[in-house]
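The sequence and the model are shown first, and the text then goes through the main features in turn.

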Amino acid sequence: SNPINALIPDVPGIYEIRLNREFERIWGKTDIVNIGVATVSLRTRVFEQKGLRPEKHWSGSMKWIKENDPNFTFEARWLSMKGCGPEQVTDAEDWRIAEFNLKHFEQPPGQTARPLGFPAGFPKN
């Protein structure tokens with residue numbers, strides 16, 4: 001019954017959680033805090049988990065931002081991958097994280113795992 005619920009598709013895909021401002025990285029600036037995957041449902045992952053139950057589903061850095069920045073706002077964007085299997089969706093997430101890592105030479109602050117194929121120790125969190 002929530003209008004936001006109708007906007008987020010109930011299909012697999014990848015998503016990005018962004019902050020309402022840019023912040024410095026080793027190379028450049030970004031507003032991306034986390035890149036994630038929904039192998040079954042973007043609606044469940046982005047809206048029902050990240051949106052409605054932040055205490056359980058936000059990364060440590062997202063919780064830290066909330067506690068330390070009274071003017072924070074998180075936004076989400078997603079790429080629907082309807083018709084794709086879990087392996088394809090997970091590969092797409094790995095590619096997006098790898099692209100971020102190559103551009104900024106480090107992980108997004110809310111990212112806990114390196115993409116597959118990146119050597120141990122690169123990039124440093």
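The predicted model contains an open sheet of 3 strands, arranged in the order S2-S1-S3 with antiparallel pairing. Strands S2 (29-38) and S3 (74-80) stand at the edges; each has a single partner strand, so one side of each is left without a neighbour in the sheet. On average, neighbouring strands of this sheet are turned by 25 degrees against each other, direction ignored. Strands of a sheet pair through backbone hydrogen bonds, either parallel or antiparallel.

Strand S1 covers residues 13-24, and its antiparallel pairing with S2 runs over 8 bridges. Within this part of the model, phenylalanine 23 stands opposite threonine 30 in S2.

The elements for which residue ranges can be given here are listed below.

| Element | Residues |
|---|---|
| Strand S1 | residues 13-24 |
| Strand S2 | residues 29-38 |
| Helix H2 | residues 42-51 |
| Strand S3 | residues 74-80 |
| Helix H5 | residues 86-104 |

Which residues of helix H2 are buried? They are Leu42, Val46, Phe47, Gln49 and Lys50. An α-helix has 3.6 residues a turn, so residues three or four places apart point the same way. At the start of H2, serine 41 places a side-chain oxygen within 3.3 Å of the backbone nitrogen of arginine 43.

Serine 41 can also be located relative to lysine 82: the two are 41 residues apart in sequence, and their C-alpha atoms are 9.5 Å apart in space. Lysine 82 belongs to the loop between S3 and H5. Is lysine 82 buried or exposed? Its relative accessibility is 68%, and because the cut-off for exposed is over 50%, lysine 82 counts as exposed.

Phenylalanine 105 is found in the segment after helix H5. Its phi is near 60 degrees, a positive value in a residue other than glycine. Most residues other than glycine have a negative phi. With a relative accessible area of 34%, phenylalanine 105 is partly exposed, since that class lies between the limits of 20% and 50%.

Phenylalanine 105 also takes part in a surface feature. Together with Ile26 and Trp27, Phe105 forms a nonpolar patch on the surface, and the accessible area of these residues together is about 310 Å².

How values were computed
Residues are numbered from 1 along each chain as its sequence is written. This is a predicted model: local features need pLDDT of at least 70, side-chain atom pairs count only at pLDDT 80 or more; totals for chains, interfaces and linings use all residues. Side-chain values use heavy atoms; hydrogens and water are left out. Buried means under 20% relative accessible area, exposed over 50%, partly exposed in between (1.4 Å probe, protein chains only). Helices (H or I, at least four residues) and strands (E, at least two) are DSSP runs, numbered from the N terminus. A polar contact is a pair of N or O atoms within 3.5 Å; within protein, one must be able to donate a hydrogen and the other to accept it, and residues adjacent in sequence count only if both atoms are side-chain atoms. Patches are made of residues with over 30% relative accessible area and no salt bridge: like charges are joined within 9 Å, nonpolar side chains (Val, Leu, Ile, Met, Phe, Trp, Tyr) within 5 Å. Accessible areas come from the Shrake-Rupley method with a 1.4 Å probe; for residues, only the protein chains shown count as cover. A salt bridge is a side-chain nitrogen of Lys or Arg within 4 Å of a carboxyl oxygen of Asp or Glu. Two strands pair if DSSP finds at least two bridges between them. Axes are lines fitted to C-alpha atoms, for helices over the stretch in contact, and angles run from 0 to 180 degrees between N-to-C directions.
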